[in-house]
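Hi everyone, thanks for coming. Let me put the structure up, and then I'll talk you through the parts I looked at.

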Amino acid sequence: MRRVLAAGTVLVTGLFVLSVSASAQTLSSNTASRDVLLAPEACDMPVSEVERRLDLVRTPAERDEARKVRTAWPCYNPKPGHPTATERKAFIDRIAPIAQKAENDHGIPAAAIIAMAIIESGSGFTRTALEASNLFGWKWTRNNSRPRYVLACQDTTGERGDADQNRCYIAFPTEAAAIDYVASRLAAGFNPRYAAAHASFLKARSTGNPVVERVQDWVVGIASPYNWRPAAYARDICRIMRDPIARTGNLNSETNLYKFSAGKGEDVTLQGLKAAHQDCESVGKQVVSR
């Protein structure tokens with residue numbers, strides 16, 4: 001469920017399931033769980049400590065349910081059983097007009113924004129997407145006045161694998177707000193590579209460079225430092241843009257995402273492109289060479 005939250009509030013359902021017909025005791029436990037994650041250290045404390053504190057304020061039934069959810073639903077994965085093929089298409093249909101508006105407003109390619117949201121939110125079915133409308137895993141920081149969502153299952157210290165610091169994410173009121181915010185930040189040029197990619201994309205668009213080329217160049221330009229595996233990220237985004245369903249790297253004339261960034265009457269084609277733009281493996285390798 002998506003909710004609009006006041007600044008300073010915390011959404012806490014990452015390890016806790018609250019039934020619609022909750023008893024007064026369960027509602028009290030939910031309030032206590034929220035209070036646990038309101039703690040200033042909640043963004044960074046070890047995951048075992050988060051679980052210990054939450055278990056202290058849960059009923060036995062809630063503790064059992066939380067353990068079942070942790071086992072069945074890995075922390076960063078989409079909700080089990082989702083997205084279906086129908087849900088993947090519905091997600092694209094839902095956010096494509098929003099991404100196109102973001103391209104018009106901020107000059108960030110809609111095709112790439114849609115692909116990034118698909119891969120980072122599991123087509124809208126990760127915990128951060130479902131519970132905070134955060135489609136990009138965009139982190140909350142202490143100088144941010146927006147509300148935060150605490151991904152309680154995230155291992156910040158490496159107790160159970162690789163450490164992923166800061167389990168707090170911005171809680172957006174809507175998916176549209178998330179897309180607009182991330183597009184505006186990428187366009188703002190707070191990182192030199194983002195600024196260079198943005199300027200190059202705007203120039204390429206104004207001079208009529210092919211849509212596949214200019215969008216892929218933008219992805220290559222921002223992949224590092226945007227993602228911790230930049231070459232693989234650029235390759236995977238390329239595959240999704242070419243066919244968000246099959247993701248083979250072959251350009252699908254009907255389902256490709258480039259069409260959402262194409263100008264009026266502009267063809268989406270690989271014909272005439274340089275070798276570096278022909279296949280997604282080559283696109284990924286461009287990141288390594290930079």
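Let's start at Pro 225, which sits in helix 9. When I say helix or strand, I mean a DSSP run (H or I for helices, at least four residues; E for strands, at least two), numbered from the N terminus. The peptide bond leading from Ser 224 into Pro 225 is cis, with omega near 25 degrees.

Before I go on, what you see is a predicted model, where local features need pLDDT of at least 70, side-chain atom pairs count only at pLDDT 80 or more, and totals for chains, interfaces and linings use all residues. Residues are numbered from 1 along each chain as its sequence is written, and side-chain values use heavy atoms, with hydrogens and water left out.

There's another cis bond to show you, from His 82 to Pro 83, with omega near -5 degrees. Pro 83 is in the loop between helix 3 (60-72) and helix 4 (85-106).

Back to helix 9, which covers residues 211-226 and also holds Trp 218. Is Trp 218 buried or exposed? Trp 218 is buried, because its relative accessible area is 1%; the cut-offs are under 20% for buried, over 50% for exposed and partly exposed in between, using a 1.4 Å probe and protein chains only. Contact here means heavy atoms within 4.5 Å. Not counting residues up to four places away in sequence, Trp 218 touches Ile 108, Pro 109, Ala 112, Met 116, Leu 186, Ala 197, His 198 and Phe 201.

Now for the nonpolar cores, meaning sets of buried Ala, Val, Leu, Ile, Met, Phe, Trp, Tyr and Cys residues joined through side-chain atoms within 4.5 Å. The largest one has 66 residues, and Trp 218 is among those with the most contacts inside it, along with Met 116, Leu 186, Met 241 and Leu 257. Apart from that core lies another, of 7 residues, including Cys 75, Tyr 149, Tyr 169 and Ala 171. Met 241 has contacts that include Ala 112, Val 215, Val 219 and Leu 257, leaving aside neighbours within four places in sequence.

Leu 186 takes us to helix 7, where it is one of the buried residues, as are Ala 178, Ile 179 and Val 182. The buried residues of helix 7 pack against helix 4, helix 5, strand 3 (168-170), helix 8 (192-206) and helix 9. How far apart are the end C-alpha atoms of helix 7? They are 20 Å apart, which agrees with the 20 Å that its 14 residues (175-188) should span at 1.5 Å a residue; the rule is 1.5 Å times one less than the number of residues. Just after helix 7, Gly 189 takes a positive phi of about 75 degrees.

Ser 123 has a positive phi too, about 55 degrees, although it is not a glycine. You'll find Ser 123 in the loop between helix 5 (110-121) and helix 6, and it is buried at 4% relative accessibility. Arg 247 also has a positive phi of about 55 degrees without being a glycine, but Arg 247 is partly exposed, with a relative accessible area of 29%.

Last topic: how many disulfides are there? Counting pairs of cysteine sulfur atoms within 2.5 Å, the answer is 3.

The link of Cys 43 and Cys 168 is left-handed, with -95 degrees about the S-S bond.

Another disulfide joins Cys 75 to Cys 153, S to S 2.1 Å. With 80 degrees about the S-S bond, the link of Cys 75 and Cys 153 is right-handed. Both Cys 75 and Cys 153 are buried.

Then there's Cys 238 joined to Cys 280, S to S 2.1 Å. That pair links distant parts of the chain, 42 residues apart: Cys 238 in helix 10 and Cys 280 in helix 12 (residues 280-288). The torsion about the S-S bond of Cys 238 and Cys 280 is about -70 degrees, so this disulfide is left-handed.

If you number the bonded cysteines in sequence order, the pairing reads 1-4, 2-3, 5-6.
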